[in-house]
Amino acid sequence: MRLNPIVTGLAVASALTTQAALAETTTLRVAHVWPGGSMIDKELFQAWATSVEEASQGRLEVEVYPGQTLTKSDKTYESIANGIADIGASAQGYTAGRFPLTQVIELPGVSASSRQGSCILQSLYDAGHLDAEYADTHPLFMFTTGPGYLHTKAQPIETPKDLDGLRLRRPTPLVGDMFERLGAQAVGMPAPDVFTAMQRGVVDGLSFNWEGMKTFRLNELANHHTEVPLYDLSLFATMSQRTYDALPDDLQQVIDDHSGLEWSLRAAEVYDELIRQGRQEAEAAGDDFVVIDNALEHPDWGPVLQETTDRYLEEIGDEASTVYDEAMSLQDKCSA
């Protein structure tokens with residue numbers, strides 16, 4: 001049988017094109033806020049990068065840019081949406097007002113650990129409750145920091161009245177509103193800037209989780225710690241939709257396999273270990289601790305925390321109340 005040379009030539013060209021496409025390498029740039037060499041950088045983002053490269057058989061190369069070196073923490077989400085970076089991770093709260101439903105997870109008493117908060121947040125997203133807030137990017141996974149407490153340089157905090165007159169770094173506007181109502185001056189700044197601000201006396205203290213106290217070296221400056229759970233900061237890792245859409249189907253599948261609840265809980269595992277280490281570090285330094293058990297029922301702190309929740313849900317509206325109820329219903333499924 002004689003072969004049609006034109007058809008044969010087209011088949012060969014097609015095969016060569018396919019081989020060339022398979023041989024092409026795509027570089028993904030990942031921007032995140034945590035310091036380079038930190039446990040979160042190494043065991044979460046560098047580990048994610050290595051796993052993606054191996055699963056793609058080298059067709060995806062991942063470059064990780066830690067410590068705001070590619071984009072500032074408060075511009076990370078916008079940078080991903082605009083394609084300045086391919087993947088970014090930061091806190092939703094750094095972009096004020098953009099993620100009101102997501103930040104329901106940050107309300108006092110919703111979660112008791114990074115594992116529980118991350119599971120609840122990722123489950124809310126997977127169920128479609130938060131889709132509209134991320135319509136301009138391709139979310140990979142979401143996680144939380146675990147409860148954020150109060151840490152001060154010189155003055156112990158035992159009751160809400162002790163906050164009066166203090167200058168405190170607030171992690172989100174939600175916590176800042178709480179501080180202002182209690183007479184404190186709420187100062188907004190990204191986590192990497194807090195050490196210098198506290199060292200120079202710009203702030204007297206801050207609200208932060210134990211992971212952050214260790215990662216950003218704040219245990220070196222704070223001597224008094226009040227463990228009252230004011231919030232649980234939400235975090236995202238998301239991808240440029242344009243970058244994702246440009247990948248062939250099999251490489252999109254690699255990204256999909258490195259997304260969702262599995263990686264949310266892997267992030268939480270790193271966080272919960274750092275939470276343990278951060279508190280242990282402060283204990284070893286001989287710092288002062290005030291522990292508020294059952295904070296939502298505490299006669300001093302309970303009304304403050306409940307008012308914070310009520311004000312937020314009223315401000316955002318019925319949809320936020322629905323998400324809040326769903327989050328609370330997930331507590332048993334997402335055990336601490």
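Which residues in α11 meet which residues in α12?

Guide: The model under discussion is predicted. In it, Thr 309, Leu 313 and Ile 316 of α11 meet Ala 320, Ser 321 and Tyr 324 of α12. By class, these residues divide into four nonpolar, two polar and no charged. Helix α12 spans residues 318–329, and its axis comes within 6 Å of the axis of α11, the two crossing at roughly 130 degrees. Since angles over 145 degrees would count as roughly antiparallel and 65 to 115 as roughly perpendicular, α11 and α12 are therefore oblique to each other.

Helix α11, residues 301–316, also packs against helix α5, residues 173–181; here the axes come within 10 Å and cross at roughly 125 degrees. This angle makes α5 oblique to α11. The crossing of α5 and α11 is right-handed. On the α5 side, the contact is formed by Leu 174, Asp 177, Met 178 and Arg 181. On the α11 side, the residues that meet them are Val 304, Leu 305, Glu 307, Thr 308, Arg 311 and Tyr 312. The contact of α5 with α11 comprises five nonpolar residues, one polar residue and four charged residues.

Helix α5 leads in turn to the strands. Together with β5 and β6, α5 makes a β-α-β unit, and this unit is right-handed. Strand β5 covers residues 167–170 and strand β6 covers residues 185–188; they pair in the parallel sense, over four bridges. Within this pairing, Leu 168 has Ala 186 in β6 as its bridge partner.

A further helix pair may be described in the same terms. Helix α4 (residues 114–126) and helix α10 (residues 261–284) have axes that come within 8 Å and cross at roughly 155 degrees. With the threshold for roughly antiparallel set at over 145 degrees, α4 and α10 are therefore roughly antiparallel to each other. The crossing in which α4 passes α10 is right-handed. From α4, the contact draws on Ser 114, Arg 115, Ser 118, Cys 119 and Gln 122. These meet Leu 261, Ser 264, Leu 265, Ala 268, Tyr 271, Asp 272 and Ile 275 of α10. Six nonpolar, four polar and two charged residues make up the contact of α4 with α10.

Key. Residues are numbered from 1 along each chain as its sequence is written. This is a predicted model: local features need pLDDT of at least 70, side-chain atom pairs count only at pLDDT 80 or more; totals for chains, interfaces and linings use all residues. Side-chain values use heavy atoms; hydrogens and water are left out. Axes are lines fitted to C-alpha atoms, for helices over the stretch in contact, and angles run from 0 to 180 degrees between N-to-C directions. Angles under 35 degrees count as roughly parallel, over 145 as roughly antiparallel, 65 to 115 as roughly perpendicular and the rest as oblique. A crossing is left-handed if the near helix is turned anticlockwise from the far one by less than a right angle, and right-handed if clockwise. Contact means heavy atoms within 4.5 Å. Ala, Val, Leu, Ile, Met, Phe, Trp, Tyr, Cys and Pro count as nonpolar, Asp, Glu, Lys and Arg as charged, and the others, Gly among them, as polar. Two strands pair if DSSP finds at least two bridges between them. A crossover is right-handed if, with the strands pointing away from the viewer, the path from the first strand over the helix to the second runs clockwise.
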